[in-house]
Amino acid sequence: MLLPRLITESPKDWETRRKELVKTLLDEEYGALPFREKSLAFGKISEEPSRYMGGSASRTDHLVRAVFDGGEFSFPVRAVIPNGEGLHPFFIFLNFYPEIPNLYYPAEELSDLGFGVLSVYYKDVTCDRAFDSSPDQGAARFFYDGVPEDERCGKLTIWAWAASRALDLALTLPGLDPGRAAVIGHSRLGKTALLAAALDTRFFAAFSNDSGCSGAALHRGKGDKAESIEAITRTFPYWFKKNFASYAGREEELIFDQHWLLGAICPRFVCVGSAAGDLWADPDSELNCCRAASEAWESLGLEGFDAPESVPEAPFRLFGGGIGYYRRPGKHFFRRRDWLDAAAFMLEKSSRKN
Ligand code: GCU
């Protein structure tokens with residue numbers, strides 16, 4: 001399979017090239033925010049008593065308030081930060097649920113492993129539907145009003161914006177290590193986590209779990225059962241810039257592929273998680289995407305992806321370089337063991353800089 005190169009023939013400094021990759025991804029797939037908020041403010045809105053988790057962690061809710069020309073928009077960020085000495089690595093977790101803990105989030109285990117987690121319930125930012133006049137459109141109202149439909153960014157970009165605003169908040173909180181900020185999400189929010197880290201270089205690492213199409217899976221050379229551009233833009237056109245749908249069935253004409261999204265995170269860390277039975281997300285395509293993205297790290301003299309000659313039987317972890325990959329048996333889900341794989345990658349990479 002022939003993929004568009006990450007590295008140009010004429011040498012450029014990496015940051016210049018990286019910005020070109022990001023620009024293409026935004027122009028062709030996700031859409032760029034038309035502007036940023038004018039100012040931001042943070043406020044604590046609630047705090048659990050000190051006996052929370054037996055006194056081992058602090059649990060607070062904060063409000064991120066963004067002021068725009070036409071008004072202001074606020075969303076909550078729910079934090080669990082381990083107590084005790086030192087600065088903790090942390091995850092900005094793009095969450096399918098508002099509750100803590102929940103089906104996808106083992107709060108106590110992560111805290112016991114030493115991680116802070118700041119959870120953003122994605123529907124607090126904007127609803128998971130096409131744009132209309134309903135109040136739960138939230139932040140989308142500010143980013144879409146007055147912007148021609150063709151130019152509007154998709155909702156993935158708005159959720160990625162929220163991950164960065166949660167990071168802004170995190171950087172004001174005690175107990176968190178500003179140099180060890182990760183962004184993590186499952187499925188559509190795994191796509192978002194990768195995009196957030198491509199857009200915001202303050203993220204030390206990004207983690208996607210079962211992110212699939214428009215996440216860590218390549219558009220070219222998909223498995224028969226895998227989600228295509230045609231399928232994703234038919235059901236979820238509003239996740240993307242409008243033009244992206246025109247590539248349905250024309251994958252070969254894309255001037256990029258998803259290894260550019262992973263590459264745009266280089267020289268930082270990225271870790272891709274797949275479930276062996278999640279053929280819609282296409283685990284082999286996700287692995288091939290890591291393989292193809294490796295070139296970015298290698299061009300800088302860093303270890304990229306420690307690719308296997310043949311794909312081992314799940315479960316396995318490939319954590320050798322700047323790109324990590326884990327696969328477990330089973331179906332589409334954000335399991336405890338996925339978090340444990342992500343946490344292990346984060347701990348391993350936190351002990352050294354790439
Ligand atoms: C659908 C969609 C996927 C997405 C998934 C999810 O299956 O087709 O692209 O990743 O929902 O977010 O759970």
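What is the volume of the largest pocket? The model is predicted: local features need pLDDT of at least 70, side-chain atom pairs count only at pLDDT 80 or more, and totals for chains, interfaces and linings use all residues. Residues are numbered from 1 along each chain as its sequence is written, and side-chain values use heavy atoms, with hydrogens and water left out.

**View 1. The largest pocket has a volume of about 290 Å³.** Its lining holds 14 residues; closest to the centre are Glu 149, Pro 237, Tyr 238, Phe 240 and Lys 242. A pocket is an open set of points on a 1 Å grid over the protein atoms alone, where a 1.4 Å probe fits, with protein on both sides within 12 Å along at least five of seven lines; lining residues have an atom within 4 Å of a point. Volume is the space filled by probe spheres set on the points.

**View 2. The second largest pocket has a volume of about 240 Å³.** Helix α5 (residues 155-170) gives the most to the lining, five residues. Helices are DSSP runs (H or I, at least four residues). Lining residues include Leu 26, Phe 35, Trp 161 and Asp 200.

View 3. For Trp 280 the distance is 2.9 Å. A polar contact is a pair of N or O atoms within 3.5 Å.

Note on methods:
Polar contact = N/O pair within 3.5 Å; in protein donor to acceptor, adjacent residues only side chain to side chain. Helix = DSSP H or I, 4+ residues; strand = E, 2+ residues; numbered from the N terminus.
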